[in-house]
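Please keep the sequence and the structure in view while reading.

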Amino acid sequence: MGLQEDFEQHAELVKTLKTKPSNDDLLILYGLYKQATVGPVNTDRPGIFSMKERAKWDSWKSYEAKSKEEAMSDYITKVKQLMEADTASS
């Protein structure tokens, strides 16, 4: 299986977690996903009163030095960690 297919599979698997990931983990997943699928940030940073959108933008921005392949690989690793923790907690 290629990296793209593996990434897409893990993007679906993360939706099956029994326990919702922490906000920090969700931000990591968001940033890596956006970097893997869109590339470097291509929008302006949201205003101070849009705290949720600003946190998501900041997370995405923090991964802009990663290549698409690195972001996909890191995303897969993070999903695997969350799945292991989810299984251990059940």
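## A buried tyrosine

With a relative accessible area of 4%, Tyr75 is buried in this predicted model, since the cut-off for burial is under 20%. Phe7, at 2% relative accessibility, likewise counts as buried, whereas Tyr33 counts as partly exposed at 37% relative accessibility.

## Aromatic pairs

A pair of aromatic rings is described by the distance of the centres and the angle of the planes. With centres required to lie within 6.5 Å, the count comes to three aromatic pairs. In one of them, the rings of Phe7 and Tyr33 have centres 5.5 Å apart and planes at 25°, and the pair is therefore stacked, the limit for stacking being under 30 degrees. This pair links distant parts of the chain, with Phe7 in helix α1 (residues 3–13) and Tyr33 in helix α2 (residues 23–37), 26 residues apart.

The rings of Tyr33 and Tyr75 form another pair, with their centres 5.9 Å apart and their planes at 55°, so that this pair is classed as tilted. Because Tyr33 lies in helix α2 and Tyr75 in helix α4 (residues 68–89), the pair ties together parts that are 42 residues apart in sequence. Through such ring pairs, Phe7, Tyr33 and Tyr75 are linked into a cluster.

Ala36, when its neighbours within four places in sequence are left aside, is in contact with Phe7, Lys68, Ala71 and Met72.

## The buried face of α1

Within α1, the residues Phe7, His10 and Ala11 are buried. Seen down the helix axis, the buried residues of α1 fall within an arc of 105°, and they therefore line one face of the helix. An α-helix has 3.6 residues a turn, so residues three or four places apart point the same way. The buried residues of α1 pack against α2 and α4.

## A charge over a ring

A further arrangement involves a tryptophan: Lys34 lies over the face of Trp60, at 4.7 Å from the ring centre.

How values were computed
Residues numbered from 1 in each chain as written. Predicted model: local features only at pLDDT ≥ 70, side-chain atom pairs only at ≥ 80, totals over all residues. Heavy atoms only, no water. Phe/Tyr/Trp six-rings, centres within 6.5 Å; stacked < 30°, edge-to-face > 60°. Helix = DSSP H or I, 4+ residues; strand = E, 2+ residues; numbered from the N terminus. Buried < 20%, exposed > 50% of the residue type's maximum accessible area, 1.4 Å probe, protein only. Lys NZ or Arg CZ within 6 Å of the ring centre and 35° of its normal. Contact = heavy atoms within 4.5 Å. Arc of directions from axis to C-beta.
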